[in-house]
Amino acid sequence: MKLPAEWSNQSGIQMTWPDETTPWDDLERVQECYVDIMSAILQFEPVLLVTSDINACRDRILAILEEKGHDSKTIEKIRMATCPINDTWARDHGGISVIGDNGEKYIYDFVFNGWGQKFASNLDNCVTQNIFFDNVYEEDVMCVDMRPFVLEGGSIDTDGEGTLLTTSECLLSRNRNEYLDQDEIEGELKQAFGLDRILWLDDGGIAGDDTDSHVDILARFCSPDTIAYSQCLDPEDENYEGLRKMEDQLRSFKTKEGKPYQLIPLPVPEPMYLDDYRLPASYANFLIVNGGVIVPGSASPADEVARERLQKAFPDREVIVVDCRPLLSGHGSLHCVTMQFPEGYIRQVNKPLNQ
């Protein structure tokens, strides 16, 4: 088994459309942000869009495209699937793709329990299974039920060569797999994904995050020997101490060859608040696509710093910043609302959205 790296060739990106059935406060701005993200992705590859109402979703997307002046022709790359949903965090309720030893294509359907039973998830826990029967995948793709193991896509990151990066706070939380200890969880992950080793981050967190420190807002592989990570340089910032300890631990990690990782620090965006609640902004929540990297922006000078540093990490890809501030009200960002599928997984679109 092999868990492919995010920079592997992809057949498309899954997103789940926010509508009136989902718990977004400023729904119009969030929908506009989703269209901005989709428009960026569609420059590189198709989108698989899950929605509870295809007709309403189609009409709203086309209206936003017209208002914002996006190229409406790119919308023809969208494939749509319909099923009931609780929320729109595709990274965590989406299936995780695994390649078999002989090239078999699997989608692992882990239990999604609302980030440790914090939020309703009964419908989202069924999304992967529901859309599997909606003719969106190639015929040789197989869906594997991974119950009772609880796992969210945002809690893990891989170099595609047998190393997994994750956080102990999330994977060892009592409301996920409380019947397993760390060694048992590590064994389950190694067997499922064909891993050689797991790098556990024991410190680090972003204020406002309610996922129990998903790794995709903290540290991400850019290549087998390079990790980009959130760095806080302000001792007065509440994120400072935890991220400093995380940085120290990252410096202690070694590649399989026994060499230190090349570390790329990403600034923590200027604090943003909703009422008195700090929002969990992080440039580490970027998405790698075919030929590109899409970075969640915060409309601050730090956006360009993050873009330039990620451009050095991905010299052969176009790095694009998309303003994702509307998503922060839901305590997530760009990587959280997307899930990639490897080449050969998603069927080609045969009907444009506007027909």
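1. In the hairpin of strands S15 and S16, two residues lie between the strands, and Gly-291 takes a positive phi near 80°. Strands here (E, at least two residues) and helices (H or I, at least four residues) are DSSP runs, numbered from the N terminus. The model is a predicted one, in which local features need pLDDT of at least 70 and side-chain atom pairs count only at pLDDT 80 or more, while totals for chains, interfaces and linings use all residues. Residues are numbered from 1 along each chain as its sequence is written, and side-chain values use heavy atoms, with hydrogens and water left out.

2. S15 and S16 (residues 292-297) pair in the antiparallel sense over three bridges, where pairing requires that DSSP finds at least two bridges between two strands. Within this pair, Leu-287 stands opposite Ile-294 of S16, and Ile-288 stands opposite Val-293 of S16.

3. On its other pairing, S16 runs parallel to S17, and six bridges join the two; Gly-297 stands opposite Asp-323 in S17.

4. Taken together, the three strands form an open sheet in the order S15-S16-S17, with mixed pairing. The edge strands, each pairing on one side only, are S15 (287-289) and S17 (318-323). Neighbouring strands of this sheet are turned by 25° against each other on average, direction ignored.

5. S16, helix H10 and S17 make a right-handed β-α-β unit, meaning that, with the strands pointing away from the viewer, the path from the first strand over the helix to the second runs clockwise.

6. Leu-243, Met-246, Glu-247, Gln-249 and Leu-250 are buried in H9. They cover an arc of only 165° around the axis (taken from the directions from the helix axis to the C-beta atoms), which puts them on the same side of H9.

Note on methods: Buried means under 20% relative accessible area, exposed over 50%, partly exposed in between (1.4 Å probe, protein chains only). Axes are lines fitted to C-alpha atoms, for helices over the stretch in contact, and angles run from 0 to 180 degrees between N-to-C directions.
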